[in-house]
Amino acid sequence: MTPAAPAIRVQNVSQTYGAAGDPRRVVALGGASLEIARGEMVCLVGPSGCGKSTLLNLIGGLATPESGNIWIDGEPVRGPQPQKVAFVFQESALFPWRTIQENVELGMEFQGVPVSERASRARESLATAGLSAFASHYPRQLSGGMKQRAQLARALALRTGILLMDEPFAALDEQTRMVFGEELSLLLANAGKTIVLVTHSLTEAVFLADRVAVFSARPGRIKQIVSVDEEHPRRQSFMTSPKLAQLRNELYDLLHDEIRSTMNLPAAEPGQ
Amino acid sequence: MSRPEPAVARLAVIALLLGIWEVAARAFGNPLFICPPSRVVAAFAALFRDADVVEAVYYTSFEILVAFVIAVVIGFALGLAVGLHRFTRGAMYPVILLLYAMPQVTILPLFVVVFGIGAVSKIAFGVSHGVFPMIMTVAAGAQSIEPILLRSARSMGANRMQVLRYVVFPHLVPSFFAGMRLAMTAVLLGVLVAELYVSQAGVGRFTSAFTQTFQPANLFALIGVLAALAITLNELCRRAELRFSRWCAG
Amino acid sequence: MNSRVTQRLVQAAFVASIALLWHFATASGRVAPLLLPPMPAVGHELSALAADADFWPDLRTTLFELVMAFLLAAAAGTAAGYAVSRTRYAVRTFEPLMAGMYAVPAILLFPLYVLFFGLGPGSKIAIGATIAFFPVALSTITGLSGVNRLYLTAARSMGASSGQTFRLVMLPAALPAILAGLRIGANAAFMAILGAETIASFAGLGHRIVSMAESMDTAKMFANIVLAMSVAAMINIAVSAAEKRGWKHEQA
């Protein structure tokens with residue numbers, strides 16, 4: 001491992017679903033490249049089906065790219081790396097038959113962490129996520145926002161350097177996701193983790209990210225990267241600032257034609 | 001006027017039906033064919049003093065339990081194989097569906113020709129009924145596992161055995177018990193039909209004896225005992241299912 | 001590599017291997033022809049069935065019993081289901097009672113019916129109707145009491161009378177469930193009638209199979225089993241087709 005290596009390096013990665021000749025064959029990713037520095041937070045935005053989630057799975061080693069290479073800490077990815085990478089999915093990824101505490105402990109159980117350490121690490125990360133009082137509840141007894149905090153606690157308890165979040169706010173209502181976004185920014189500002197987050201919300205992307213990677217329509221590749229120059233943790237005042245609005249509009253301009261093309265509409269006429 | 005609880009009303013309906021039966025049987029019934037429920041109750045006591053009848057009920061219960069255990073074990077293994085592997089499912093599922101849709105009673109005489117008139121043919125016939133609902137329920141359960149749970153487990157470093165133990169099996173617990181309930185209903189049907197068809201030592205011997213010698217009170221009583229046995233076994237499986245489907249209520 | 005083709009091949013291989021196993025088991029003489037007759041013999045008996053003078057009356061008996069049992073169960077089951085579904089209270093009182101009775105193997109009543117109605121078609125019709133009654137009644141209750149409240153409110157807001165609400169809203173909404181109940185009932189009645197004919201009777205398809213088993217005429221028995229299964233398959237196809245006609249709006 002070279003100390004200068006970026007946390008994540010993605011080089012010209014492509015991925016296709018479906019066999020050759022199958023009419024349903026889809027090129028999800030068509031040569032995406034990206035470098036993410038240690039401690040950086042990058043949001044991936046783009047039209048539906050552009051391969052954002054696919055890229056996340058490839059970085060996490062849950063799938064193997066058809067072509068191209070991915071390195072984590074300078075080492076090529078060849079499968080899941082639970083010691084280095086933790087995932088946060090949509091809320092349904094909590095195991096319904098385990099309590100919140102048991103859910104948080106599960107990853108450590110897979111990795112053979114001793115029982116006593118598991119319990120204390122789980123309690124610690126539940127406290128960080130503000131869920132200590134709900135440790136023995138079952139997932140279905142929690143609200144959507146709390147379930148997502150529980151998933152975050154599960155990921156934090158694994159103590160990985162990298163956190164991959166796949167549309168973690170998708171199932172939440174707008175108010176909850178705004179508050180959760182603030183909490184997340186506060187929580188992660190001091191954690192020093194490298195984070196990649198897939199989202200559909202442009203506001204959220206600007207609010208949270210150091211850099212926002214904008215994908216083109218299918219076959220997805222990274223069209224442009226927009227930097228957000230703002231201190232962490234970010235507060236509510238940033239949410240309503242003209243700076244955020246201006247960056248969000250910039251993202252929307254970049255995405256507008258891509259989204260039209262996925263809807264099979266002609267590109268907008270100039271001046272419209 | 002407030003209405004009684006539905007459960008109370010239900011008991012009242014049953015009592016009313018028994019009352020109508022009692023009056024009608026006493027007033028109009030031919031005692032060769034029908035008897036009032038009061039006589040059936042009296043026949044229960046006499047029936048249980050007959051050691052042969054008690055023996056036959058035990059014997060049939062034994063056939064039911066053995067058939068049930070075999071059906072559950074085989075059904076679970078096949079259901080898992082069919083549900084977890086796409087290829088096995090594509091190859092085996094249509095064959096299993098076809099076998100399930102066959103009217104099995106038509107091959108009952110074949111079971112007797114092959115396995116004889118003893119307990120083995122009843123058990124085999126019971127298994128042939130119970131195994132299919134078990135396969136279907138377990139296979140459906142295995143297919144309904146959220147892919148995100150499997151991905152989530154793999155992302156946390158679970159190996160194949162851990163995925164089975166921590167994700168697949170816990171997820172299958174409700175399906176397992178639901179399958180057991182359906183298998184029990186089917187096994188009861190299979191074993192009892194086989195008993196009624198031909199029987200050496202089981203209850204079928206007495207149902208046909210009571211029919212041929214026109215003893216309605218004894219016949220009603222014996223059928224009542226068998227129905228009670230069926231209700232008890234079904235209810236045990238249903239309770240188990242309710243208890244173990246806790247996290248499904250989400 | 002197309003896995004669907006491979007799966008079809010595995011299925012074909014499965015069927016072929018069973019046929020081969022059957023052929024070799026009987027041709028080598030390892031299995032007594034009494035237990036398993038050679039395939040050509042079964043084929044021969046199958047083609048001889050149509051010419052058999054006893055066959056048509058037996059088939060007619062079974063089909064007559066089936067039609068009568070089904071009509072009785074359909075009429076009584078939908079009527080009882082409608083009556084129960086009129087109020088929530090009646091649903092909560094009677095639905096568990098019927099569901100509980102449905103789980104008891106009703107074939108147990110057959111000896112009683114033999115006592116009441118004799119060995120003829122009467123006892124077969126009675127057992128078939130009893131067994132088919134429960135799925136019909138239960139799915140009628142489910143269908144009628146499960147109609148989306150929003151539809152009823154919408155109909156009332158447009159000024160529908162209670163008769164119109166039933167005819168134009170509840171019935172179409174409940175129809176898929178009722179048709180499914182009738183399909184399950186028809187199949188259950190056929191199984192029950194075949195079973196009853198097997199247990200005690202002197203006519204019908206079930207009886208034919210038993211008498212051939214008893215006279216150790218296994219080739220003929222197999223031919224009749226194959227035939228009974230095709231009748232069952234045809235009933236299944238017919239009722240499923242009837243059911244699909246009532247489901248048109250569900251098809252994309």
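Helix H1 of chain B has buried residues: B:Pro6, B:Ala9, B:Arg10, B:Val13, B:Glu22 and B:Ala25. The model is a predicted one. What covers these buried residues includes helix H2 (37–49) of chain B and helix H4 (88–103) of chain C. H1(B) covers residues 6–28, which is 23 residues. At 1.5 Å a residue it should span 33 Å, and its end C-alpha atoms lie 32 Å apart, which agrees.

Further along chain B comes helix H7, residues 147–155, which holds B:Ala153. B:Ala153 has 0% relative accessibility, so it counts as buried. Leaving out residues up to four places away in sequence, B:Ala153 touches A:Phe95, A:Phe110, B:Ala158 and B:Val167. The C-alpha atoms of B:Ala153 and B:Val163 are 6.8 Å apart, and the two residues are ten places apart along the chain.

Now turn to the strands of chain A. Strand E1 (residues 8–17) pairs with strand E4 (residues 67–72) in the antiparallel sense, over five bridges. Here A:Ser14 stands opposite A:Ser67. E4(A) also runs antiparallel to strand E5 (residues 75–76), joined by two bridges. In this second pairing A:Trp71 faces A:Pro76. Two residues lie between the strands of this hairpin, and A:Asp73 takes a positive phi near 50°.

Salt bridges come next. A:Arg9 is partly exposed at 28% relative accessible area, and A:Glu35 is partly exposed at 44%. A:Lys84 forms another salt bridge, with A:Glu75, at 3.4 Å between the closest N and O atoms. A:Lys84 is partly exposed at 21%, as is A:Glu75 at 36%.

In chain B, the side chains of B:Glu235 and B:Arg238 meet in a salt bridge of 2.9 Å, N to O. Both belong to helix H10 (residues 216–244); they are three residues apart, so about one helical turn separates them. An α-helix has 3.6 residues a turn, so residues three or four places apart point the same way. B:Glu235 is partly exposed at 25%, and B:Arg238 is partly exposed at 36%.

Last comes the surface. B:Val114, B:Phe115, B:Val120 and C:Leu35 form a nonpolar patch there, with about 320 Å² of accessible area together. C:Leu35 sits in the loop between helix H1 (3–27) and helix H2 (39–49) of chain C. Its relative accessible area is 33%, so C:Leu35 is partly exposed.

Key: Residues numbered from 1 in each chain as written. Chains lettered and ligands numbered in written order. Predicted model: local features only at pLDDT ≥ 70, side-chain atom pairs only at ≥ 80, totals over all residues. Heavy atoms only, no water. Patch = residues over 30% accessible without salt bridge, like charges linked within 9 Å, V, L, I, M, F, W, Y side chains within 5 Å. Areas by Shrake-Rupley, 256 points an atom, 1.4 Å probe, with all protein chains shown as cover. Salt bridge = Lys/Arg side-chain N within 4 Å of Asp/Glu carboxyl O. Helix = DSSP H or I, 4+ residues; strand = E, 2+ residues; numbered from the N terminus. Buried < 20%, exposed > 50% of the residue type's maximum accessible area, 1.4 Å probe, protein only. Expected span 1.5 Å × (residues − 1). Contact = heavy atoms within 4.5 Å. Pairing = 2+ DSSP bridges.
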